[in-house]
Amino acid sequence: MASLPVKNIWIRRQQCPCGDWKCYVKYEGESEEMQGTSQLGKFDAGESEAMVSPYVGMVFKSDDDAFEYYGNFARRNGFSIRKERSRLSPQLGVYKRDFVCYRSGFAPPRKKPTGEHHRDRKSVRCGCDAKMYLSKEVIEGVSQWFVVQFSNVHNHELLEDDQVRLLPAYRKIQESDQERILLLSKAGFPIHRIVKVLELEKGIQGGQLPFLERDVRNFVQNRKKIVQENDALLSEKRENGIMELLEACKATKEVDEDFVYDFTLDVNDKVENILWSYGDSVHSYAAYGDVVYFDTSYRSVTYGLLFGAWLGMDNNGKTTFFGCVLLQDETSSSFAWALQAFIHLMKGNCPQTIITDLDLGLKDAIRSELPNAKHVISIWSILPKLSSWFLPLGLQFREFRSQFDELYRVESSEDFEVQWNRMISMFGLSLDKHIQLLYSCRSSWALSYTRGHFCARMETSAYMKSVDVLLKSICSTEICLRSFFDQVGISVNCQNHSRQDMQYIPNKTCIPIEEHARTVLTPFAFNALQQELVLAMQYAPAEMADGSYLVHHFKKIDEDRLVIWIPEDEQIHCSCKEFESSGILCRHALRVFILKNYFQLPEKYYRIRWRQESSQVLYENQDIHANGDEWLHEYQSLIDMLFTESSITKKRSDFVRSVLPKELSRLLTEVRNMSESDGAAVDLTHSPFH
């Protein structure tokens, strides 16, 4: 099927649980121009006062520079400008530019249609003679623009700062605000509420946005009209794009028997949803699939498809890729199929814990398809939504947010219930739908309910940031679905083969437990245990009548913990439930082991997934096809060297991240365009993608 010349744009999205679309978008890495409200943001107050008035003979590199300068001058002096006339010559092109005050000239008279009501709008033009005329000259091959006429004499009143910003020329809705407005609109927010949300998020007073409510309304209406006109074209693009992607899956399966995929057809036998994974990812899931993070935070603007990725963490704390899916919609049935197909491709192995964003459709699908898995909703998907959800709180929102943060960390479910009721009573939120939503899902996000369920340290902000890095490398480029498939493969291959050397971590204590743990655990897990050992020395255990211990901090900066010790089975249980949650013993339990003069921990407290041998087995499986293949080793060496060098500074990392996808896509295109009939057969067994 012929490829359509279509570029694909992916946006970061979070679905609004109370609507059909998303109500929050996280923007990262925006340029200063994106963050500002206008080009005036390039000047501070000091520059405003010292800005030189244009004068005859003033020189600019281009007419655009001149227009920008004159526009900034006009803004600071209470008016706006517009382009009027330009003159063209065969030798110089445009060589004359006239910029005038927005009230220059007179509006032509309008003929009123007979028999119809006509609004007689008064024109703002009053024949103002303020202007700046420019002429271009080429001096030694360099074009320059000179001011040949300038007048700052106005026949109308100039506006104050709080008035001039409302002129049409300055009421610009920046791209970041446009995306935010569209998402809030699709989530069902009325226009006046969208304006309030933007004001709250920017931390400004009401009426201080660089645009008006009617500008927002006009923008939303115009965009809806464009979307409606493009719906038919979008459907055709999506159908062609997803068919090409399916063909790519079939072709990959022919050369890589470990590659797996699945798809569904709609009532017209057209591909609807498609899911795929790689051989390395299936092997990785077998070792580390006990905890899975299912990310659904990216959506294609061009094709309207939702991108979902299953991710995990290996025993060295590195993000691993398990599989991905493209879905036509976000219904519970679509999510249910995706989960069902994923588990099937992973040979029927269900995760012990699945972490997701807050999404009611996904929540229902997990309850249906993974009834024995603990569903944990990432707190990092909830916190950004609070500002728009609880907008009516106004100045009380800061206090509400503070209490919510404390509530999240409450340890017992009984205390959670008491403090929750106190909070909603204080802020009058008993009937709020978002409060009701959060309460109905409390068993999946509040620590008092999730603590004790194994999450492999994947609920942390550090892990979520690493996920962002991987997904941005996949979704940052504007490409068609066929190229997107290639981009996923490239990013996953680089991720799976960027191994971490077993670095040596020196001891920090003289405790024998530490020395033994270093020989068993990976550096990532040992580092976590070592930190707990260091902190354990700040605690004192007090034995109780039943043989248990009450462990307390010497400065009482931490709550007392109950540690139950069963010597017959060498079992230890702490009320903080850190071992059950992360697989790493806590400082309180370690303090009791130290008290009992243990030289090394019982084997049961070294979980398989944190041991050094688990990664060795996985890497051996990945390298089965690589033995004796010099080309693959050279390829892998270059990849490792690139990642090592680029990780030294953020500038290097950003450069590689922006250039690598384009260069690899260019190389892939060149390879595909090469002749396929040179008569030589190539053994693809040792492909780096195996």
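Predicted model: local features only at pLDDT ≥ 70, side-chain atom pairs only at ≥ 80, totals over all residues.
Local features here need pLDDT of at least 70 and side-chain atom pairs count only at pLDDT 80 or more, while totals for chains, interfaces and linings use all residues. Residues are numbered from 1 along each chain as its sequence is written, and side-chain values use heavy atoms, with hydrogens and water left out.

Helix H13 (residues 413-426) packs against helix H14 (residues 433-440) at an angle of about 175 degrees, their axes lying 12 Å apart. The two helices are therefore roughly antiparallel to each other, a term that applies to angles over 145 degrees. In their contact (heavy atoms within 4.5 Å), H13 contributes Glu417, Trp420, Met423 and Ile424, and H14 contributes Ile435, Leu438 and Tyr439.

Rings of Phe, Tyr and Trp (its six-membered ring) pair if their centres lie within 6.5 Å, with planes under 30 degrees apart counted as stacked, over 60 as edge-to-face and the rest as tilted. Arg442 lies over the face of Tyr439, at 3.8 Å from the ring centre, where the criterion is CZ of Arg, or NZ of Lys, within 6 Å of the ring centre and within 35 degrees of the ring normal.

Across the whole structure, the search finds 34 aromatic pairs. One of them is the tilted pair of Phe524 and Trp610, at 5.6 Å centre to centre and 45 degrees between the planes. Phe524 belongs to helix H20 (residues 523-536), whereas Trp610 is in the loop between helix H22 (587-595) and helix H23 (612-622), 86 residues apart.

Technical notes
Axes fitted to C-alpha atoms, helices over the stretch in contact; angles between N-to-C directions. Helix = DSSP H or I, 4+ residues; strand = E, 2+ residues; numbered from the N terminus. Parallel < 35°, antiparallel > 145°, perpendicular 65-115°, else oblique.
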